[in-house]
Amino acid sequence: MPSLRSAAVAATVLLSTAAAGSLAVAQTTSAPATSAPAAAAESDPSKIVVATVGNGTVTLADLIAMREALPAQYRQMPLQALYPHLLERAIDGYLIARAARATDLAERTDVKQRIKRAEDEVLSQVYLSETIAEKVTEDALRERYAKAAAADSGQEEAHARHILVDTEEQAKQVIADLDKGADFAALAKERSTDPGGSEGGDLGWFSAEQMVPEFSTAAFAMEPGSYSKQPVKSQFGWHVILLEEKRKAPAPTFEEMQSQLASEMTRELITARLAELRKDAVVQRFGPDGSPMPAPQ
């Protein structure tokens, strides 16, 4: 787990962006709706005041937003662990923003452009959240899962053992010993150069694409309970294969696919919405030199 010292460093780095920028905008000089002691009674973090700076306030929502902007390893930490550091950085951010507002920075053209870009980004994010993300419901994902599971189920898997040796002659000798009744697992422990030889050469369950083609072609062509009558050559050496079982692979669960399905659905909805917006928009494109550019194909 990241140390608190590391968390403090990360929060300090964040100061130049979230604390000094978006958080300073979020803080207000209005009277607090509630104070920290009353926090437990409030469900809206934006109404829970965690600090006052002169006439201004810092809310719990500000600290939560700061944590969400941190790298993943810090976002996974409890808010309490980062709380003191985030609080101080939020206070610093407020003080810096207040000092900046006392100057003419807000009137500068470059600053106005940056504020406009930040405003556009926030509006875009909220718009997508309210018009796209709300459509990604559990019911919609389960309907999507049913179709995906039907397509994914039925893939053939094999459970096999193998003995890997360096030469074809060694492999043929293994097959000859198996023909005489030798135990496959015992031979694997004795002769296989593969690390799995100590486990009797057991490879567990696998699909065709998980193995090199030469191995998969031979293994999936065999009948359960049989071993290869000819050595199988691959880039790793010479194999003798024992096919234990075959089965149809079970489909992944909804919980295993939920995140992937949500990402796919969100991407499709955004793409469709952008297509609609572009259809009604008059767009002209220009190169860096100001010359007209054709629309992308």
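This is a predicted model: local features need pLDDT of at least 70, side-chain atom pairs count only at pLDDT 80 or more; totals for chains, interfaces and linings use all residues.
Strands S3 and S4 pair in the antiparallel sense, joined by four bridges. Two strands count as paired if DSSP finds at least two bridges between them. Strands (E, at least two residues) and helices (H or I, at least four) are DSSP runs, numbered from the N terminus.

Residues are numbered from 1 along each chain as its sequence is written, and side-chain values use heavy atoms, with hydrogens and water left out.

Now look at the whole sheet. It is open, has four strands in the order S4-S3-S6-S5, and its pairing is antiparallel. Strand S4 (202-207) and strand S5 (232-234) are the edges, each pairing on one side only. On average, neighbouring strands are turned by 45° against each other, direction ignored. In general, the strands of a sheet pair through backbone hydrogen bonds, either parallel or antiparallel.

Next, follow S6. Ten bridges join S3 to S6, and the two run antiparallel. Here Leu164 stands opposite His239 in S6. S5 also pairs with S6 (residues 237-248), antiparallel, over three bridges. Val232 stands opposite His239 too.

How many of the ten residues of S3 are buried? Nine are, so S3 is largely enclosed by the rest of the structure. Buried means under 20% relative accessible area, exposed means over 50%, and partly exposed lies in between (1.4 Å probe, protein chains only).

Helices meet this sheet. Helix H7 (residues 168-179) lies across S3 (156-165) and S6, at about 50° to S6. Helix H9 (residues 213-221) packs on the sheet and touches S3, S4, S5 and S6. Its direction makes about 50° with that of S6. Contact means heavy atoms within 4.5 Å.

Turn to another pair of helices. The axes of H2 (residues 60-68) and H4 (residues 79-101) come within 9 Å and cross at roughly 105°. Axes are lines fitted to C-alpha atoms, for helices over the stretch in contact, and angles run from 0 to 180 degrees between N-to-C directions. H2 and H4 are therefore roughly perpendicular, a term for angles of 65 to 115 degrees. Among the contact residues are Leu63 and Ile64 of H2 and Leu82 and Tyr83 of H4.

Finally, the buried residues of H2 are Leu60, Asp62, Leu63, Met66 and Arg67. Seen down the axis, they fall within an arc of 160°, so they line one face of H2. The arc is that of the directions from the helix axis to the C-beta atoms.

Terms used: Angles under 35 degrees count as roughly parallel, over 145 as roughly antiparallel, 65 to 115 as roughly perpendicular and the rest as oblique.
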